[in-house]
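Colleague: I'd like to learn how to read a structure one feature at a time. Please walk me through this one.

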Amino acid sequence: MTSSNNQDDIEEGDDLNHHFNRFRKFRTGPYHAPQIRKILLLSDLHTDYPQNQEWLHNLCTSSSSNNNSGGEETASTIDDSQQTMIIVAGDVSHDLEILRWTFQTLKRKFGEVVFTIGNHDLWIDKERTRRKVATKLDADDYDITKCRTSGKGDGCTNSIEKLEKVFQLCIEEDVRIGPVGVGSNSSSGGSLLWVIPFLSWHHSSWDTEPPIECWGGIPSARKVVADYRRTVWPTPLSSLDDSVAQFLDRVNDIILDLDGIDTEDTPLLTFSHFLPRVELLPEKRYLTLPTLPSCVGSTFLEARLRLLRKECSQNNDETVNHLHAFGHTHLSWDATIDGVRYVHVPLAYPREWEQRRRSLEIGSMNGKESENRFPVCIWENNTIGKVVDDDSDDESPPLTPATTTGFPPQWLGGWWSKYYTVMSRQPHRNHELAPWAANLYRQLPGGEIEDFDHLTVEKRYQLQCPSDWKAGTGN
């Protein structure tokens, strides 16, 4: 496999060459982790929030806690954690001290951690007053200490410097930022799966659906989204055009050495923070900020994935051998489009679980109480190649095409992704807003409020719904 653009294609005369040069030291070839038997997914950890730090601290695995009474496995306990990898699809913290603590905590709990940056991770963290974060840390000696951030800031003048420091921190904490071969194929000697993280950034031209009309007071995303204030980009880069997204996409060609990766017969698990396709987001009329699509996706990312997909073998059966994980929207998702399965598992903000739990729950990341939520398993090699003998006493179900790749054979969840399996996108209905969005803006002549009630929709289209969800509690 080769990158879409070789690192040598960046010419010496390129205005950005001196910025690209910062990242050549991070070029990472394939790393092999044959011991890994399970992969968990999580994004948008936002461990700036004490509640999220507390959740992560209390997240139990067999290697980090022996508090599971009776030895029974619960939703918060997994076996053989050192044989488990966790993928972190961006948005941990803008604070490098909290980012380091998060990585250290994850490394104590899991055998491998693979990471890509999100927008929050590149916010400039200016020096501020020292503050205490009221949560507990699991120290190396297992003493309980308080998590503190010094408030000294990151010392960066721009977000390219910040990215360099984040990468350096990953190296120091043994967090993977390059391709990882997972498992071991006994017949071929190769890996059972390739995991590849991709850098990305949002740009407004990604949004190709018509804007909402006949409603007043809807702000531009540039006015309310913090990325435009809290990231700083050196000339000629600008967050107001495609240049930042294109720059970070080209950094992939510098840091990712994909030579020697054979995907002809090996499934792919790629991941990014931002969205490659508009179909992975509800339509504008359902969003509390209808201009949000202008800052969630990247066409450069989609082109890269499309090229990668073209280099992979095309199966003659119905097997989906490419799963792409993403983050950013805080709207759980599991959908297959054009032969690629897309999954989003956010930890999100604590208040969002209180306000709109139905749009966050997916797989084991569910429940009213945070201690019952657990990162979602998106790959496991226990069933790969398993054949059920009809004459045997094995009561396991027949092997489905999905389990031959190790990806979950069942739909994981995601309210809005389920909705779009029964309803087609209708972006032309741009004079309408859903009731929860309409309450926030001013209805003008021609503007309409869509007749949309979650429980009614769930009943009509047989969408899954926990019994304690209530109508009118948001999306």
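**Reading the features**

Modeller: Let's start in a loop: His-330 lies between S11 and S12. Those labels are DSSP runs numbered from the N terminus, helices being H or I with at least four residues and strands E with at least two. This is a predicted model, where local features need pLDDT of at least 70 and side-chain atom pairs count only at pLDDT 80 or more, while totals for chains, interfaces and linings use all residues. Residues are numbered from 1 along each chain as its sequence is written, and side-chain values use heavy atoms, with hydrogens and water left out.

Colleague: Is His-330 buried or exposed?

Modeller: Go by relative accessible area: under 20% is buried, over 50% is exposed, and partly exposed is in between, using a 1.4 Å probe and protein chains only. His-330 comes out at 4%, so it is buried. His-328 counts as buried too, at 14%.

Colleague: How many salt bridges are there?

Modeller: The rule is a side-chain nitrogen of Lys or Arg within 4 Å of a carboxyl oxygen of Asp or Glu. Searching the whole structure gives 25. One of them links Asp-249 and Arg-304, at 2.8 Å from N to O. Asp-249 is in helix H7 (residues 243-255) and Arg-304 in helix H8 (residues 299-311), so the pair ties together parts 55 residues apart in sequence. Asp-249 is buried at 9% relative accessible area, and Arg-304 is buried at 6%.

Colleague: How many residues of H7 are buried?

Modeller: In general, an α-helix has 3.6 residues a turn, so residues three or four places apart point the same way. H7 is mostly covered, with eleven of its 13 residues buried; among them are Phe-247, Leu-248 and Val-251. The cover includes helix H1 (17-20), helix H4 (159-172), S8 and H8, where contact means heavy atoms within 4.5 Å.

Colleague: Which strands make up the open sheet, and in what order?

Modeller: Two strands pair if DSSP finds at least two bridges between them. The open sheet has four strands, ordered S4-S3-S2-S14, with mixed pairing. Strand S4 (112-115) and S14 are at the edges with a single partner each, so one side of each has no neighbour in the sheet. Strand S3 (residues 84-88) and S4 pair in the parallel sense over four bridges, with Ile-86 opposite Val-113 in S4.

Colleague: What covers the two faces of S10, if I look at which residues are buried?

Modeller: On strand S10 (residues 268-271), Leu-268 and Thr-270 on one side and Leu-269 and Phe-271 on the other are all buried. Strand S8 (residues 193-197) runs parallel to S10 and joins it by four bridges, and Trp-194 is partnered with Leu-268. S10 is also joined by four bridges to the parallel strand S11 (residues 322-326), where Thr-270 stands opposite His-324.

Colleague: How many disulfides does the rule find?

Modeller: A disulfide is a covalent bond between the sulfur atoms of two cysteines. The rule asks for a pair of cysteine sulfur atoms within 2.5 Å, and the count comes to zero. Two cysteines to look at are Cys-156, buried at 9% relative accessible area, and Cys-295, buried at 1%.
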